[in-house]
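Subject: Structure for you to look at

Hi there,

Here is the structure I promised to pass on. Please have a look at it first, and then read my notes below.

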Amino acid sequence: MFFSRFFSRDGSQLKAKGDKLFAADHFAEARHMYVEALEKSGSAADQTEEQNYLRTQISRASNRLAELNIAEAEAAIRSGNIQKGAEHLRLSLELADDVSIREKTERLLETSINFNQNAGAAGNTHGSHGCSSCSSAASADTELHDPTAEHLTAAEQFQLLVNTLPGDLAQRYCQLGEKFASAYLLAHTEKAAEALAIMKELLSAGENDIILYETALLYFRGGEPATCEKLLNRALQINSANPLCYLSLAQLYVDSERYGEAVALLGTMRDREILPDQSLMMLGDVHTLQGDLDRAIEIFTATLTSPALKKVSAERLVRILGTLGREEEAAYLFKTYLKGCC
């Protein structure tokens, strides 16, 4: 018992360890440290700022883990193992707190199921597929059998990945040709340098908002956020309606703690109805990070009437109200919107 007490860590030590792990991209371990620190932090009324920080970091770590599971799912799908891909996507759904990550996961899971069902109907034949071939909806609970061959063709891999994009982007991606498709697939592997070389070659022949966007992401992965930001802004100059450019630029602002710029950009997205659900939820999250909890509560409360957003909005409100010591309101929201939810 003595040694257990001697070696046990208090909340501040756990938080510091979590911060180091998060900075080193060890998100699972960091999340565990933050959760344990939150359990030791006492009542919400005693340490509201600390608890708010820990909840935010738990959410960020969960989202990063969800994104890692999406990457694993994409790799499994490329190899033809749709069943394994679906397992990673379901893990992503369990972890993700961010609306845009959840929607990407749901779209990819639905597309994978549709593709798998279409492949089953066609036997083991790998014909040529158009980007609009996966159009019917399917339940995420549908059992996957994977009747396809061991490996998907490059065209099928590309089709599965771009079909998760919002609006008309899937069609636009398909119209950019085989060289772009090959670079896009390379970008979804560990061959980012090869992908970047092809994207640069394509840009030298003429600028395009999609190619600029994908190139920006590659620079970000390479540790060059300033170049990423420059390319995203250029992409928006070419096409001010590209939703992915807005969302990525807003996330870049948040990651660099430029919250004021993020709020302004997300406000523009909201006003122009560009990815309205994602932009509104992200706006509420940014106000939370800023410490403007009243504004965050206002935004999340307004979205409780939306069937698509009410659960995630209620989850955020419960957290915020808990940090403010408004336990009765938090309990009411939990009972009304979250009790019995999976």
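I would like to start with the second largest pocket. Helix H4 (48-78), helix H5 (82-95), helix H6 (99-121) and helix H17 (310-323) each give at least two residues to its lining. Helices (H or I, at least four residues) and strands (E, at least two) are DSSP runs, numbered from the N terminus. Please keep in mind that this is a predicted model, so local features need pLDDT of at least 70 and side-chain atom pairs count only at pLDDT 80 or more, while totals for chains, interfaces and linings use all residues. Residues are numbered from 1 along each chain as its sequence is written, and side-chain values use heavy atoms, with hydrogens and water left out.

The volume of the second largest pocket is about 550 Å³. A pocket here is an open set of points on a 1 Å grid over the protein atoms alone, with protein on both sides within 12 Å along at least five of seven lines; a cavity is a set where a 1.4 Å probe fits but cannot get out, and lining residues have an atom within 4 Å of a point. Points are joined across faces, edges and corners, and a volume is the space filled by probe spheres set on them. The lining of this pocket has 21 residues, and Leu93, Ala96, Arg102, Lys311 and Val312 lie nearest the centre. By class, 10 of the lining residues are nonpolar, 2 polar and 9 charged (nonpolar: Ala, Val, Leu, Ile, Met, Phe, Trp, Tyr, Cys and Pro; charged: Asp, Glu, Lys and Arg; polar: the others, Gly among them).

Lys311 belongs to helix H17 and is partly exposed, at 31% relative accessible area. For that scale, buried means under 20%, exposed over 50%, and partly exposed in between (1.4 Å probe, protein chains only). The C-alpha atom of Lys311 is 6.6 Å from that of Leu338, although the two are 27 residues apart along the chain.

There is also 1 cavity of 30 Å³ or more. The largest cavity holds about 40 Å³ of space, and its lining consists of Asp98, Val99, Ser100, Gln278, Met281, Met282, Asp285 and Arg316. H6 and helix H15 (276-290) each supply at least two of the lining residues, with H15 giving the largest share, 4 residues. That lining comprises 3 nonpolar, 2 polar and 3 charged residues.

Now the overall picture. The protein has 18 helices and 0 strands, and 45% of its 342 residues are buried. Of the contacts with a separation of 6 or more, 56% join residues 24 or more positions apart, where contact means heavy atoms within 4.5 Å.

Which helix would I show you for burial? Helix H9 (residues 178-187) has 7 of its 10 residues buried, so it is largely enclosed by the rest of the structure. Those residues are Phe180, Ala181, Ala183, Tyr184, Leu185, Leu186 and Ala187, and they pack against helix H7 (154-162), helix H8 (169-174), helix H10 (192-204) and helix H11 (209-221).

Leu54, in helix H4, is buried with a relative accessible area of 0%. Leaving aside residues up to four places away in sequence, Leu54 touches Lys15, Tyr34, Ala37, Leu38 and Ser41.

Two loop residues have a positive phi without being glycine. Glu257, at about 60 degrees, sits between helix H13 (243-255) and helix H14 (259-271) and is exposed, at 58%. Leu275, at about 45 degrees, lies in the loop between H14 and H15 and counts as buried, at 13%.

Finally, confidence. Mean pLDDT (the predictor's confidence in each residue, from 0 to 100) is 79 for the protein, and 82% of residues reach 70 or more. Where pLDDT is low, the predicted coordinates should not be read in detail.

Best wishes
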